[in-house]
Protein chains: 2
Amino acid sequence: MDATFRALCTHGYADLSIANIAEEFDKSKSLLYYHYDSKEDLLAEFLGYAIDYFLADLEAQTGDDPMESLHGLVDKVLPAELDGEEADAQRAITELRMQAVTDETFRERMTASDERFAAHVRGLLEEAAEAGVVEDVDLERTAKHLQATLAGGMFGRATTDRSDASAAIRESLHAYLDDLRVDADDE
Amino acid sequence: MDATFRALCTHGYADLSIANIAEEFDKSKSLLYYHYDSKEDLLAEFLGYAIDYFLADLEAQTGDDPMESLHGLVDKVLPAELDGEEADAQRAITELRMQAVTDETFRERMTASDERFAAHVRGLLEEAAEAGVVEDVDLERTAKHLQATLAGGMFGRATTDRSDASAAIRESLHAYLDDLRVDADDE
């Protein structure tokens with residue numbers, strides 16, 4: 001999976017081949033050819049791995065305060081600066097995600113990933129609602145809104161040169177979360 | 001451009017060739033080969049054409065009431081039902097947009113397109129602010145938030161099978177627009 005990530009960053013999706021991945025692989029190359037029938041096969045597994053890694057990382061960073069965890073999640077997906085490896089990873093995920101437009105296996109993985117992400121956000125919102133911290137809003141709708149805005153921001157960053165857009169979206173999402181608080185109207 | 005759209009819908013980006021496009025083209029095929037050096041060349045022009053068409057259509061539907069125009073824009077990008085041709089068009093744009101991850105020409109076009117879309121949204125928000133209809137908020141930030149959420153919703157629709165997500169995002173964006181109104185706190 002590490003070899004696939006490195007090869008994907010170096011070559012991009014369109015120019016990637018099993019041979020490129022094998023070049024990055026320090027174990028037996030025949031093992032790689034034995035396990036995967038095609039580049040698509042290997043990349044579908046890589047997509048599942050990358051999503052699990054990203055979501056496990058998000059879940060691990062969840063602290064005691066659900067609203068603080070939501071603000072942290074916004075900063076994690078749309079940080080002020082992406083270091084080289086994070087930018088590569090976001091570009092790689094964007095490229096792989098596009099395969100889901102036409103490929104059923106990728107589409108099932110992206111559906112499961114988005115549902116898990118939305119459920120995580122919704123869980124945090126529910127915790128905050130139970131603690132009386134957020135207003136009586138439609139939590140499912142709010143979770144899906146947050147997810148779409150984060151996905152659109154990440155997607156925009158991977159496909160345009162609008163360097164100021166990520167910062168504006170991040171700030172707007174922090175304000176959106178603050179507006180959910182029960183005391184927001186009194187401020 | 002029509003022939004390119006039909007060929008893209010039939011074959012998808014990965015399997016598309018100039019020969020496929022020529023098959024859909026009712027004029028001289030040699031004309032097509034004469035004008036475009038490669039599939040990428042033709043598709044970069046198609047992307048510009050598709051974006052211009054989409055934005056001109058949005059701008060033409062703008063009425064006298066800026067808030068109503070913004071609600072209309074939300075319904076247009078995330079309609080309850082996409083007919084076959086609209087779904088094909090959103091998938092085609094999503095696939096072309098992916099090329100912007102690695103191709104500078106596509107990236108420049110997507111950057112210009114997103115800027116034009118954000119400027120359109122911001123223009124409507126400014127009109128509403130001048131008419132005293134919306135609260136004193138950061139209009140640039142709000143325009144970029146709206147754009148990211150719409151892009152994320154459209155992207156999610158093209159790459160997952162979460163049929164309920166578009167409806168939730170659409171309703172949430174309508175509520176978000178309503179919350180911008182000066183009288184929102186009194187309701």
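Over the ring of which residue does the charged end of R97(A) sit? To prepare the view, note that this is a predicted model in which local features need pLDDT of at least 70 and side-chain atom pairs count only at pLDDT 80 or more, while totals for chains, interfaces and linings use all residues. Residues are numbered from 1 along each chain as its sequence is written, chains are lettered from A and ligands numbered from 1 in the order in which they are written, and side-chain values use heavy atoms, with hydrogens and water left out.

Select R97(A) and F155(B): the charged end of R97(A) sits over the ring of F155(B), 4.8 Å from its centre. A charge sits over a ring if NZ of Lys or CZ of Arg is within 6 Å of the ring centre and within 35 degrees of the ring normal.

Next, select R97(B), which lies over the face of F155(A) at 4.8 Å from the ring centre. R97(B) belongs to helix α6 (residues 84–98) of chain B; helices are DSSP runs of H or I with at least four residues, numbered from the N terminus. With a relative accessible area of 7%, R97(B) is buried (under 20% relative accessible area, 1.4 Å probe, protein chains only). Leaving aside residues up to four places away in sequence, R97(B) touches F155(A), G156(A), T159(A), T160(A), M110(B) and D114(B) (contact means heavy atoms within 4.5 Å).

Now display both chains. 43 residues of chain A are in contact with 42 residues of chain B. About 3,800 Å² is buried between chain A and chain B, and carbon and sulfur atoms give 60% of that area; buried area is the accessible area (1.4 Å probe) that two parts lose on being put together, summed over both. Because 98% of the interface residues of chain A are also interface residues in chain B, the copies meet through the same surface.

A salt bridge is a side-chain nitrogen of Lys or Arg within 4 Å of a carboxyl oxygen of Asp or Glu, and the rule finds 6 across the interface of chain A and chain B.

Finally, select F5(A), F46(A), Y49(A) and Y53(A), which form one aromatic cluster (ring centres of Phe, Tyr or the six-membered ring of Trp within 6.5 Å). Within this selection, F5(A) is buried at 19% relative accessibility, and F46(A) is buried at 3%.

How values were computed. Buried < 20%, exposed > 50% of the residue type's maximum accessible area, 1.4 Å probe, protein only. Phe/Tyr/Trp six-rings, centres within 6.5 Å; stacked < 30°, edge-to-face > 60°. Helix = DSSP H or I, 4+ residues; strand = E, 2+ residues; numbered from the N terminus.
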